Amino acid sequence: MSLSLTVAAPDFSTLETPLLVVALAAGPTMSDELKPIDSVTGGALGRALGRRDFRGGRDETLHLAGGEGVQRVLFVGMGPGTDRVSALRRAGAIAGRQANRLGVGKLAFFAGSMSADDVEAAGTGLNAGAWDFKEMKTAPPPEEQRAPLEEATILAADAAARDTGVKAARAIGEGHSLARRLGMLPGNVCTPDYLADTARDIARRHGMQITVLGRAEMEKEKMGSFLCVAQGTVQDPKLITLEYRKGPKDAPPIALVGKGLCFDSGGISIKPAQGMEWMKFDMCGAAGVLGAMEAIARLELPVNVVGLIGSTTNMPSGEAVKPGDVVQASNGKWIEIINTDAEGRLVLADVLVYAQRMKPSAVIDAATLTGACVIALGHSATGVMGNDDALVQEVLDAGKRLGEPGWPLPLWDDYKELIKSDIADIKNSGGAAGGYDHRGAFPEGVR
């Protein structure tokens, strides 16, 4: 369950809360808006600022005792940066985590004058920080339990900014929480059937159209690229399509495509045992698409969006696809399997062909596709590639606004040479060089 977010005008003389969080930029001084808070702390804030005990550095915190109305005050530093929205989101996340540790149950958040974007950022940060996956843990003894953060009130003077910002924060927070929960669930729970049921629930609650293809339906569609990955598992693979149609009737939709490998053992090209449990996260592209569809519906955006998910597990068995096998994608292209652990591109190839039926204006594919991208960019940025520079830039800009930085990677024609096959049209892996690039696995005309 996501954090309950509310908004209110700041009035510290009547405020009652177990925790007041105050986010401050670097180099804070005693201002008129801080004087009421200084009063709540019995002058402790002024003394701390005078001694420079708190300097507002990024992620810096200072915890002071309050009084009867405001019981505790937590100051969180936003640093010297000029990106206030990102700083507020981060400060909110720190506040949420600290509130969980304190066991206060609810808090109020103040950061001075706040725009709608500021309120949204603080709200999404608070939700992210408060979120905790506990449903598969036995509860500790009552005397050891701490109340989780369940309620947060953002204090902002501008009523219009409060209303607009908190609506967006609630919607995005619900989408984030749904995606994070799916990611955390183990592979024996979050199966392709589970993802399909989650999509059905979203469709039912928000009036979306849903289509789910199983193994038999995909065989009729001749999706040999997708199905070869599913050969080694008894679980039924799923191709899930969610349609949100709130835009102009004839406007082409935006297609969001998500990789949904509920567990990736690597298949016959099996992964090393150490760390293999992390491969339950190979469905995070699918989780992101489902979370996005949840948020889009809650925001009631006047757009047409189609979410498509290709979901299966990649397992070794007597029936599993082998290195050297050749399979045929639904567009007729033949693919030589070089490495069965390069499976995501095989699933997505047929999903992207299927997406063409929607006649989308743009296709955005989210996938935990290759660890080689982490080698190239580390853990701080997502690799972004495409055949439309304007769309790539739009995606990069959106990621920057939401604290999810990306970096553009090339799709040069030279890479085609790496995936030429002696016996098929292409092969599914071109080796380590340029390993972040997966263009070759996309059928012609779907990149």
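Helix α5 covers residues 159–184, which is 26 residues. From first C-alpha to last, α5 reaches 37 Å, close to the 38 Å expected at 1.5 Å a residue; the expected span is 1.5 Å times one less than the number of residues. At the N-terminal end, aspartate 158 caps α5, with a side-chain oxygen 3.0 Å from the backbone nitrogen of alanine 160.

A word on the source. This is a predicted model, where local features need pLDDT of at least 70 and side-chain atom pairs count only at pLDDT 80 or more, while totals for chains, interfaces and linings use all residues. Residues are numbered from 1 along each chain as its sequence is written, and side-chain values use heavy atoms, without hydrogens or water.

Now the whole chain. It has 12 helices and 16 strands, taken as DSSP runs (H or I, at least four residues, for helices; E, at least two, for strands) and numbered from the N terminus. The C-alpha trace spans about 80 × 50 × 45 Å along its principal axes. Of the 447 residues, 47% are buried, meaning under 20% relative accessible area with a 1.4 Å probe, protein chains only.

Last, the aromatics. The whole structure has 5 aromatic pairs, that is, Phe, Tyr or Trp rings (six-membered ring for Trp) with centres within 6.5 Å. One of them joins phenylalanine 12 and phenylalanine 110, 5.1 Å centre to centre with 90° between the planes. That makes the pair edge-to-face, the term for planes over 60 degrees apart. Phenylalanine 12 sits in the loop between β1 and β2, phenylalanine 110 in strand β5, 98 residues apart. Phenylalanine 12 is buried at 12% relative accessible area, and phenylalanine 110 is buried at 5%.

Terms used:
Polar contact = N/O pair within 3.5 Å; in protein donor to acceptor, adjacent residues only side chain to side chain. Buried < 20%, exposed > 50% of the residue type's maximum accessible area, 1.4 Å probe, protein only. Phe/Tyr/Trp six-rings, centres within 6.5 Å; stacked < 30°, edge-to-face > 60°.
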